[in-house]
Amino acid sequence: MAVNRVPVLKRCRTLGIEPMVLGYDKKSNRKSAREGKKVSEYGLQLREKQKAKFIYGVLEKPFRNYYEKADRMKGMTGENLMVLLESRLDSVVFRAGFARTRREARQVVDHKIITVNGKVINVPSYLVKAGDVIEIKEKSRSSQRTKDIFEVTAGRLTPGWLEVDQDAFKATVKSLPTREEIDVPVDEMLIVELYSK
């Protein structure tokens with residue numbers, strides 16, 4: 001499995017993303033070396049794609065597959081792409097507050113701590129559907145790590161398409177998110193332009 005070892009804050013600075021999007025409450029005071037430079041149209045499109053890939057932790061080939069799937073779906077390709085990325089299991093685990101950062105959410109899923117509708121799922125790219133119930137396994141609920149995570153994520157806002165019950169360690173997907181409910185700073189239209197060349 002490929003692992004991205006680029007320091008998170010450095011990558012955020014390069015792409016112009018706030019670390020909070022990934023769950024990090026750190027601030028980088030350094031300025032990006034690219035600031036002030038004129039960027040070509042292709043450069044802008046590429047940066048948006050890199051942003052989306054970095055935020056969701058997806059490599060090039062799976063990202064391309066998501067794009068092709070979004071293109072085959074009804075509606076706007078860009079919006080479909082964002083909904084597909086947001087409904088990945090690791091993203092839902094992060095949104096539900098079962099992990100402090102997106103990277104940790106991926107790890108939590110990998111370690112077989114999460115169940116979907118009662119079945120253990122350890123595939124971060126698993127796509128959840130409306131009505132799915134995501135829970136932390138009984139055995140892992142009392143662990144110190146889980147307590148630490150809930151301490152940090154207790155005040156985090158939950159998106160409207162998710163219903164979270166932290167006392168019961170479960171989240172229910174009420175419906176798939178709409179583009180308006182996804183607060184990720186990515187201009188998906190530029191990604192569509194890039195891929196449709």
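## Spaces and strands in a predicted model

The count comes to one cavity of 30 Å³ or more. A cavity here is a set of points, on a 1 Å grid over the protein atoms alone, where a 1.4 Å probe fits but cannot get out. A pocket, in contrast, is an open set with protein on both sides within 12 Å along at least five of seven lines. Lining residues have an atom within 4 Å of a point. Grid points are joined across faces, edges and corners, and a volume is the space filled by probe spheres set on the points.

Before going on, please note that this is a predicted model, where local features need pLDDT of at least 70 and side-chain atom pairs count only at pLDDT 80 or more, while totals for chains, interfaces and linings use all residues. Residues are numbered from 1 along each chain as its sequence is written, and side-chain values use heavy atoms, with hydrogens and water left out.

| Space | Volume | Lining by class |
|---|---|---|
| Largest cavity | about 40 Å³ | three nonpolar, one polar, two charged |
| Second largest pocket | about 440 Å³ | seven nonpolar, five polar, eight charged |

In these classes, Ala, Val, Leu, Ile, Met, Phe, Trp, Tyr, Cys and Pro count as nonpolar, Asp, Glu, Lys and Arg as charged, and the others, Gly among them, as polar.

Which residues line the largest cavity? They are I55, Y56, D90, S91, F94 and R102. Helix 5 (89–95) and helix 2 (41–56) each give at least two residues to this lining, and the largest share, three residues, is from helix 5. Helices (H or I, at least four residues) and strands (E, at least two) are DSSP runs, numbered from the N terminus.

The second largest pocket has 20 lining residues, and M20, G23, F94, R100 and R156 lie nearest its centre. Helix 5 and helix 7 each supply at least two residues of that lining.

Now to a loop: S140 sits between strand 3 (133–136) and helix 7 (144–153). With a relative accessible area of 14%, S140 is buried (under 20%; exposed is over 50%, partly exposed in between, with a 1.4 Å probe and protein chains only). Leaving out residues up to four places away in sequence, S140 touches I113 and T146 (contact means heavy atoms within 4.5 Å).

Finally, strand 4 (residues 162–165) and strand 5 (residues 170–173) run antiparallel and are joined by four bridges; two strands pair if DSSP finds at least two bridges between them. E163 has T172 in strand 5 as its bridge partner. Four residues lie between the strands of this hairpin, where F169 takes a positive phi near 55 degrees.
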